[in-house]
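Good morning, and thank you for joining this group meeting. I would like to take you through one model, beginning with the overall fold and then turning to selected details.

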Amino acid sequence: MDVRHSSDGPAVIRFRAAGVFLLLVHLLFVCWLTLRPLDVPWMTAANLQPFAGIRSDLALGPAEATRRIGEALLLLAPLGILLPMAGGRLLVSPWASLARTVAAGALISMAIELAQTGVPGQVVDVDSLLLNTTGVAVAHLLVVPLSRSRLRRGNRAGAGDLSRIGYGIRQVRVEGPQGSTPTITRVGIAP
């Protein structure tokens, strides 16, 4: 069951608003970094073969490979945290959240790569798409499940909107030897 926390109070609204603001700031920074024209004397061809760029980075030595691959992993990694934060969902399947976040990260990375086709000095690289998406997934897995479990524990103490989960759902009332009678909340029994 998906429960949004926007009606829970000003603290949750501020948390989601901060997530949206930080998400927009990060996306603007990424666009500035990846879509600005570069003045270069020569350009390499577009890399459309998966893992070819990673292999060439590894051939440059461990320090240069770590720097290049690390940059690609870290470029969109904050989206793995900021997208769920902006969404504001606390009670959601971890796998559904991961799938939704990774899909959004892959689409954003694809949009950046496609936009780079029209920018002088920028080259399309399929390995950037793979590494950016992997960075989003790793950041999500490292931070979001633990954060959500902590927030759920904290919310249970204050009851928050977790107390409204059963509102409007059929509840079972035990009555005598005949068993239970299903009822709907706020609906009485006919005479």
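**Overview of the chain**

Of the contacts in the chain with a separation of 6 or more, 71% are between residues 24 or more positions apart. Please keep in mind that this is a predicted model. The chain holds 6 helices and 4 strands, and along the sequence these elements follow the pattern β-α-α-α-α-β-α-α-β-β. The chain has 191 residues, and buried residues make up 31% of them.

Let me begin with the annotated segment. The unreviewed UniProt entry carries the annotation "transmembrane region" for residues 12-35. In the model, that span is 100% helix and 0% strand, and its end C-alpha atoms lie 34 Å apart.

His 26 is located in helix α1. Is His 26 buried or exposed? The relative accessible area of His 26 is 12%, and buried means under 20%, so this residue counts as buried. Setting aside residues up to four places away in sequence, His 26 touches Leu 75, Leu 76, Pro 78, Leu 79 and Leu 82.

I now move to the loop between α1 and α2, where we find both Ala 46 and Phe 51. Ala 46 is partly exposed, with a relative accessible area of 46%. Which residues does Ala 46 contact, leaving aside its neighbours within four places in sequence? The contacts are with Val 123 and Val 124.

Phe 51 deserves a remark on its backbone: its phi is positive, at about 70°, although Phe 51 is not a glycine. With a relative accessibility of 47%, Phe 51 also counts as partly exposed.

Next, the packing of helices. Two packed helices are described by the angle between their axes and by the distance between those axes. For α2 and α3, the axes come within 7 Å and cross at roughly 145°. On the α2 side the contact is made by Ile 54, Asp 57 and Leu 58, and on the α3 side by Ala 65, Arg 68 and Ile 69. By class, this contact has 4 nonpolar and 2 charged residues, with no polar ones.

Which element gives the most to the lining? That element is α3, with 5 residues. By class, the lining divides into 15 nonpolar, 11 polar and 8 charged residues.

Finally, I turn to Arg 148, which is placed in helix α6. Why does Arg 148 count as buried? The relative accessibility of Arg 148 is 10%, and the cut-off for a buried residue is under 20%. Apart from its neighbours within four places in sequence, Arg 148 is in contact with Pro 84, Arg 89, Leu 90, Val 92 and Ser 97.

That concludes the presentation, and I thank you for your attention.

Key: Residues are numbered from 1 along each chain as its sequence is written. This is a predicted model: local features need pLDDT of at least 70, side-chain atom pairs count only at pLDDT 80 or more; totals for chains, interfaces and linings use all residues. Side-chain values use heavy atoms; hydrogens and water are left out. Helices (H or I, at least four residues) and strands (E, at least two) are DSSP runs, numbered from the N terminus. Ala, Val, Leu, Ile, Met, Phe, Trp, Tyr, Cys and Pro count as nonpolar, Asp, Glu, Lys and Arg as charged, and the others, Gly among them, as polar. UniProt positions are given in the numbering used here, feature names are shortened, and annotations may be inferred rather than shown by experiment. Buried means under 20% relative accessible area, exposed over 50%, partly exposed in between (1.4 Å probe, protein chains only). Contact means heavy atoms within 4.5 Å. Axes are lines fitted to C-alpha atoms, for helices over the stretch in contact, and angles run from 0 to 180 degrees between N-to-C directions.
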